[in-house]
Each structure stands twice: as structure tokens, then as C-alpha cells.
Amino acid sequence: MQLGIFELLAIAFALGLIAFWIWMLVDCATRETPGNPKFGWLIFIALAGIVGAPLYFLLRKLPRKARH
């Protein structure tokens with residue numbers, strides 16, 4: 001069975017989304033201060049997946065990066 005270009009691009013995109021999701025989970029687990037917000041963000045990212053990871057990136061990671 002041979003995959004077409006569309007299928008290969010879809011697989012690459014899906015793998016990129018999974019990598020981004022894992023990156024945001026690890027970032028939250030290692031860089032957020034301990035407590036309820038950290039636990040809440042971890043649960044949100046884990047359960048919301050495609051929506052949770054970009055929201056965490058935009059609402060927490062970018063502002064934190066801008067402060068430094």
C-alpha cells in the first residue's frame with residue numbers, strides 16, 4: 001500500500017500536534033509553580049488536547065516568556 005502526499009502530510013501534521021501537546025504538558029509540569037493552578041492546567045491540557053495545549057501556550061507560556 002502506497003501513501004499519497006495528502007496522507008503523508010496528514011500524518012506529519014498529526015505527529016506535530018502530538019509533539020506540541022507533549023511539550024506543553026512537560027512545560028506545565030516543570031515550569032509552573034506548585035499548587036492548584038498547576039494541577040488545573042495539567043488536567044486541562046491532558047483532557048482538552050488540541051484545544052488545551054495552544055491555550056496554555058498563549059495564556060501562560062508566552063506571557064511568562066515576555067516577563068523574562
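**Salt bridges and a helix pair**

By salt bridge I mean a side-chain nitrogen of Lys or Arg within 4 Å of a carboxyl oxygen of Asp or Glu. The idea behind it is that side chains of opposite charge can pair when their charged atoms come close.

Before I go on, this is a predicted model, where local features need pLDDT of at least 70 and side-chain atom pairs count only at pLDDT 80 or more, while totals for chains, interfaces and linings use all residues. Residues are numbered from 1 along each chain as its sequence is written, and side-chain values use heavy atoms, with hydrogens and water left out.

So where are Asp27 and Arg31? Both sit in helix H1, residues 5–31, four residues apart, which is about one turn of the helix. (Helices here are DSSP runs of H or I with at least four residues, strands are runs of E with at least two, and they're numbered from the N terminus.)

Now, buried or exposed? Buried means under 20% relative accessible area, exposed means over 50%, and partly exposed is in between, using a 1.4 Å probe and protein chains only. Asp27 is buried, at 4% relative accessibility, whereas Arg31 is exposed, with 57% relative accessible area.

Asp27 has another partner: its side chain also meets that of Arg64 in a salt bridge, 2.5 Å from N to O. Arg64 lies in helix H3, residues 52–67, and Asp27 in H1, so this pair ties together parts that are 37 residues apart in sequence. Arg64 and Asp27 are both buried.

Next up, Glu32 and Arg60 form a salt bridge, with the closest N and O atoms 2.5 Å apart. Glu32 is in the loop between H1 and helix H2 (36–48), and Arg60 is in H3, so to speak a link between distant parts of the chain, 28 residues apart. Glu32 is buried at 7% relative accessibility, and Arg60 is partly exposed at 31%.

How many salt bridges are there in the whole structure? A search finds five. Asp27, Arg31, Glu32, Arg60, Lys61 and Arg64 are linked in a network of them.
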